[in-house]
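Me: I would like to learn how to read the features of a structure, one at a time. Please give me the general idea, then the case at hand.

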Amino acid sequence: VSTKAEGGRFTVTIPQGTPPGMVDVRAIGTYGMSSPRSFFIGHRTERLEAEPHDTIQSPEQIPLDGVVNGRIEKPGDVDCYRFTAKAGQRVVMECWAERIDSQLRGVIEVYDARGNRLAANRGYSGLDPLVDFLVPADGAYAVKLFDLTFSGSATHFYRLDIDTGPRVEFAVPCVLQQGRTTRVTLFGRNLVAGPGPSPHQAESRSSNWAAPFDRIELDVTPPSGTPNRMG
């Protein structure tokens, strides 16, 4: 449900129970329907970036399991954030930009309190980066986000998700039969609870965003009479 606000802005009301994810939004007017624009529905705490936070020495403090909405608003602009985590936590940092019609070609880098770069990525889902970071020691860590070519403008916006919750990447099988129980294997991150790794293992995985997926198995029975999809 949408209502017109000032200028070309609209206020969108999202019904309770709407599943999280990306949807397309279109406007319908006298001359027909507009092209689609991507709109993201989330279930975590959302906040807007607070300038200035241009260096890893003076980052913006943010909590885990939240989303920051920001913009690389001029050439050479850099946005830096800091979070606090415990050894063994698996923190996934994902930047949504290309997938929500942004011009940003994002790069994510992670630094420790001494300024050592521990992890980096510049393309995981298309051009959008993701860092799968296994925290090596209790403390504060800085996240640096910028454009690959150091471009910037009003259209270089992003959605930065930093979380420690379960994330399913894919399922096998991905198609189920209605009314029939099937054993499904889920692959993803933070699917399995357990003790943290040794310091050596933590250091090794923190430098490698392509860490192995967790996997769990469960029985799923889609109800009869309604379409179901997994994946």
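Reply: Start with charges and rings. A charge sits over a ring if NZ of Lys or CZ of Arg is within 6 Å of the ring centre and within 35 degrees of the ring normal. This is a predicted model, so local features need pLDDT of at least 70 and side-chain atom pairs count only at pLDDT 80 or more, while totals for chains, interfaces and linings use all residues. Residues are numbered from 1 along each chain as its sequence is written, and side-chain values use heavy atoms, with hydrogens and water left out.

Me: Which ring does the charged end of Arg99 sit over?

Reply: The ring of Trp96. The charged end of Arg99 is 3.6 Å from the centre of that ring.

Me: How do I read a pair of aromatic rings?

Reply: A pair of aromatic rings is described by the distance of the centres and the angle of the planes. Rings of Phe, Tyr and Trp (its six-membered ring) pair if their centres lie within 6.5 Å; planes under 30 degrees apart are stacked, over 60 edge-to-face, and the rest tilted. Here that rule gives 6 aromatic pairs. One of them is Phe40 with Trp96, which is edge-to-face, at 4.7 Å between centres and 70° between planes.

Me: Where in the chain do Phe40 and Trp96 lie?

Reply: Phe40 is in strand β6 (residues 37-41) and Trp96 in strand β11. They are 56 residues apart, so the pair links distant parts of the chain. Strands here are DSSP runs of E, at least two residues long, and helices are runs of H or I, at least four long, numbered from the N terminus.

Me: Are Phe40 and Trp96 buried or partly exposed?

Reply: Buried means under 20% relative accessible area, exposed over 50%, and partly exposed in between (1.4 Å probe, protein chains only). Phe40 is partly exposed, at 23%. Trp96 is buried, at 14%. Now take Phe146 and Phe150: their ring centres are 5.2 Å apart and their planes at 5°, so this pair is stacked. Phe146 is buried at 7%, whereas Phe150 is partly exposed at 41%.

Me: Which residues form an aromatic cluster?

Reply: Phe83, Phe133 and Tyr141 form one.

Me: What is a nonpolar core?

Reply: In soluble globular proteins, nonpolar side chains tend to be buried together. A nonpolar core is a set of buried Ala, Val, Leu, Ile, Met, Phe, Trp, Tyr and Cys residues joined through side-chain atoms within 4.5 Å. The largest core here has 24 residues, and Phe83, Met93, Ile108, Phe133 and Ile162 touch the most other members. Two or more residues each come from β10 (78-85), β11 (90-96), β12 (106-111), β14 (130-134), β15 (139-147) and β16 (157-163). Another core of 5 residues lies apart from it, including Leu176, Val184, Leu186 and Leu191.

Me: How do I read a sheet?

Reply: Strands of a sheet pair through backbone hydrogen bonds, either parallel or antiparallel. The rule is that two strands pair if DSSP finds at least two bridges between them.

Me: How many bridges join β10 to β15?

Reply: There are 8, and the strands run antiparallel. Val78 stands opposite Phe146 there. On the other pairing of β10, 2 bridges join it to strand β8 (residues 60-61), in parallel. Gln61 stands opposite Arg82 in β10. Of the 8 residues of β10, 6 are buried, so this strand is largely enclosed by the rest of the structure. Further along, β12 and β15 share 6 bridges and run antiparallel, with Ile108 partnered by Leu145.

Me: What is the order of the open sheet with 3 strands?

Reply: The order is β17-β18-β19, with antiparallel pairing. β17 (167-172) and β19 (214-220) are the edge strands. The twist averages 30° from one strand to the next; axes are lines fitted to C-alpha atoms, for helices over the stretch in contact, and angles run from 0 to 180 degrees between N-to-C directions. Strand β18 (residues 182-189) is joined to β19 by 7 bridges. Arg183 stands opposite Asp219 in β19.

Me: How many disulfides does the structure hold?

Reply: A disulfide is a covalent bond between the sulfur atoms of two cysteines. The cut-off is a pair of cysteine sulfur atoms within 2.5 Å. The structure holds 0. Cys80 is buried, at 1% relative accessibility, and Cys174 is partly exposed, at 42%.
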